[in-house]
Amino acid sequence: MSAITGWWAALPDLVRSIVVSTSIIVVVTVVVILSVAYLTLWERKLIGWMQYRKGPNRVRIFGFLPGMGQPFADVIKLLIKEVVIPSRSNKVLFRIAPAIALIPAFATWAVMPIAPGFAIADVDAGLLYILSLTSVGVYGVILAGWASNSKYAFLGAMRSAAQMVAYEIAMGFALVGVLMASGSLNLGTIVERQAGSVLTWNLLWLFPLFVVYFISGVAETNRAPFDVAEGESEIVAGFHVEYSGIAFALFFLAEYANMILIAALTAVFFLGGWLSPFQGIPVIGDTFLGQPHTLWLVIKTFLFLCMVLWLRATFPRYRYDQIMRLGWKILIPVTIVWIVVEGLMVYYKIGPWSA
């Protein structure tokens, strides 16, 4: 052990920094991938319970934990299936489209404030980084539909892209309110500005923007009831109709990774991220329950994910015109109006801006 410690101390600072950063990135990536895998299982189990079914309960891990091996069985099945590339497709774009959809969902975690005072990259323009990367995913959808050389896939890509762009605008306006409340683009600072108690969280003063952001996040990830782009009965599975095997799975990996990302960002922007809901409460607030911790971020993210799954089990799929009307005529005007209201509260020093 002493030899390893001495060897580590002898390395240049740059090399040690690279090794530590790479290790953290690998750990975060593996955790996100495993979370995506078991989110698919939790979705099937939760919706099964809501509909009086059992959900997956056969595939075990080493003979134990019924159903827990289902995600691994799904991955193995998709890996051994043949990836069919249409003969008249643009083969280069056809191959890279799933990666373009997937990579931003993982790269965004670089600026996520995972723990108090810790992020892989603690950049001051983290909010702009989030907005720019989440906007890149639409290119993967468009390229997948266009490169397939299929009218069904192209129609699905256009509908999905129009939906994503519409709700990106609503999400962007909602985050303008968060920026006004925190006065910073740094995600860690946004969380710290909500410290004090539950009453200082952005949820209370920016509740309409919270609702808009969450609904827009569900629509942005093409989740039910906004999954018309993937509606088999309308357009034969949408933009990824020509994909098979693991290439097909990458689009759904991106979708579930974006679900986790949106849930985590909602917790960071509006519910104090890793801050405890018991902070500021006498007696309890002074114990470990009142201390900031990564566990609180995980719990809040999990609750938002359950809400997304609850929506899928509850609401029927919207028509495309209803989806676009909600985005353009309701959510965007609501954000604009509340930004004006928030500006007045800031000017007249009302609420959290009274100090």
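Trainee: How does Pro352 count at 42% relative accessibility?

Mentor: Pro352 counts as partly exposed, because its relative accessibility is 42%. The classes are buried (under 20% relative accessible area), exposed (over 50%) and partly exposed in between, with a 1.4 Å probe and protein chains only. Keep in mind that this is a predicted model: local features need pLDDT of at least 70, side-chain atom pairs count only at pLDDT 80 or more, and totals for chains, interfaces and linings use all residues. Residues are numbered from 1 along each chain as its sequence is written, and side-chain values use heavy atoms, leaving out hydrogens and water.

Trainee: Where is the place of Pro352?

Mentor: Look in the segment after α13 (320–347); helices here are DSSP runs of H or I with at least four residues, numbered from the N terminus. Leu127 is 225 residues away from Pro352 along the chain, and their C-alpha atoms are separated by 21 Å.

Trainee: What does the side chain of Ser276 reach at 2.4 Å?

Mentor: That's the backbone oxygen of Leu289. A polar atom of the Ser276 side chain also lies 3.0 Å from the backbone nitrogen of Phe278.

Trainee: How many salt bridges does a search of the whole structure find?

Mentor: Start with the idea: side chains of opposite charge can pair when their charged atoms come close. The cut-off is a side-chain nitrogen of Lys or Arg within 4 Å of a carboxyl oxygen of Asp or Glu. The search turns up seven salt bridges. One of them joins Arg44 and Asp74 at 3.3 Å, N to O. Arg44 sits in helix α2 (residues 13–50) and Asp74 in helix α3 (residues 70–80), so this pair links distant parts of the chain, 30 residues apart.

Trainee: Which residue forms a salt bridge with Glu255?

Mentor: Arg223, with the closest N and O atoms 3.2 Å apart. Glu255 lies in helix α11 and Arg223 in the loop between α9 (207–220) and α10 (232–235), so the pair ties together parts 32 residues apart in sequence. Glu255 is buried at 8%, and Arg223 is buried at 3%. Both belong to a network of salt bridges that links Glu43, Arg223, Glu255 and Arg312.

Technical notes: Helices (H or I, at least four residues) and strands (E, at least two) are DSSP runs, numbered from the N terminus. A polar contact is a pair of N or O atoms within 3.5 Å; within protein, one must be able to donate a hydrogen and the other to accept it, and residues adjacent in sequence count only if both atoms are side-chain atoms.
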